[in-house]
Amino acid sequence: MGALPVFRWRLAPDGYATRRQLRALGLRPGGQPVAAQLERPRRRRGPLVAYLYRVDLAVPVRPMTPARRAALERANRARRTCPSCRRDAGYVIPAALGVCVPCAYPDPRGSEGSTL
């Protein structure tokens, strides 16, 4: 197999798309190999690279089944649940903290939230 064709940023021919562009069209690569790559030059570092797939070989995105939807809801709920106080924080717990903000930075006065 030869080297991939390389195109400059925004100069790829029609018929190629990134994963994100395929998804916007309701498609996925479907197991096809990378067909080409885009390179965006940068001043002090190596170029940014984006891989391209052929649109004509892409297949439709699999539909969301009830079981997959339930699994996704459970996974998102687990990301919002504080391991310390076991409450739903209402937001994804930051990985840097590992716990919800009130548990990470307890109020020295002992109240749960601010009184502003």
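Two residues are in contact when heavy atoms of theirs lie within 4.5 Å. Among contacts in the protein between residues at least 6 apart in sequence, 48% join residues at least 24 apart. The model discussed here is a predicted one.

## The chain as a whole

The protein contains three helices and six strands. Along the sequence these elements follow the pattern β-β-α-β-β-β-β-α-α.

How does the radius of gyration of the protein stand beside that of a compact globule of 116 residues? The protein has 22 Å, whereas such a globule would have a radius of gyration near 13 Å. The C-alpha trace spans about 65 × 45 × 30 Å along its principal axes.

Of the 116 residues, 16% count as buried. The accessible surface amounts to about 9300 Å², and carbon and sulfur atoms account for 54% of that surface. Among the side chains of the protein, 22 are positive and 7 are negative; the centres of these two sets lie 5 Å apart.

Four strands make up an open sheet with mixed pairing, in the order 1-4-5-2. Its edge strands are strand 1 (6-8) and strand 2 (16-17), each of which pairs on one side only.

Strand 2 and strand 5 (residues 48-54) run antiparallel and are joined by two bridges. In this pairing, Tyr16 stands opposite Arg54, and Ala17 stands opposite Tyr53. Strand 4 and strand 5 also run antiparallel, and five bridges join them. Within strand 5, Leu52 is the bridge partner of Ala36.

In a regular strand the side chains alternate between the two faces of the sheet.

| Residue | Relative accessibility | Class |
|---|---|---|
| Gln37 | 14% | buried |
| Ala89 | 24% | partly exposed |
| Gly30 | 41% | partly exposed |

Gln37 belongs to strand 4 (residues 36-40). Why does Gln37 count as buried? Gln37 is classed in this way because its relative accessibility is 14%, and buried means under 20%. Leaving aside neighbours within four places in sequence, Gln37 is in contact with Leu4, Pro5, Val6 and Phe7, and also with Val49, Ala50, Tyr51 and Leu52. Leu52, one of these contacts, is also the residue that bridges to Ala36.

Gly30 lies in the loop between strand 3 (27-28) and strand 4. With a relative accessible area of 41%, Gly30 is partly exposed, a class that falls between the limits of 20% and 50%. Gly30 and Asp56 are 26 residues apart in sequence, and their C-alpha atoms are 11 Å apart in space.

Ala89 is located in the loop between helix 2 (66-80) and helix 3 (101-104). At 24% relative accessibility, Ala89 counts as partly exposed. Which residues does Ala89 touch, not counting those up to four places away in sequence? They are Arg80 and Cys100. Arg23 is 66 residues from Ala89 along the chain, and 30 Å separates the C-alpha atoms of the two.

Conventions:
Residues numbered from 1 in each chain as written. Predicted model: local features only at pLDDT ≥ 70, side-chain atom pairs only at ≥ 80, totals over all residues. Heavy atoms only, no water. Buried < 20%, exposed > 50% of the residue type's maximum accessible area, 1.4 Å probe, protein only. Rg over C-alpha atoms; globule rule 2.2 N^0.38 Å. Areas by Shrake-Rupley, 256 points an atom, 1.4 Å probe, with all protein chains shown as cover. Lys, Arg positive; Asp, Glu negative; His and termini not counted. Charge placed at Lys NZ, Arg CZ, Asp CG, Glu CD. Pairing = 2+ DSSP bridges.
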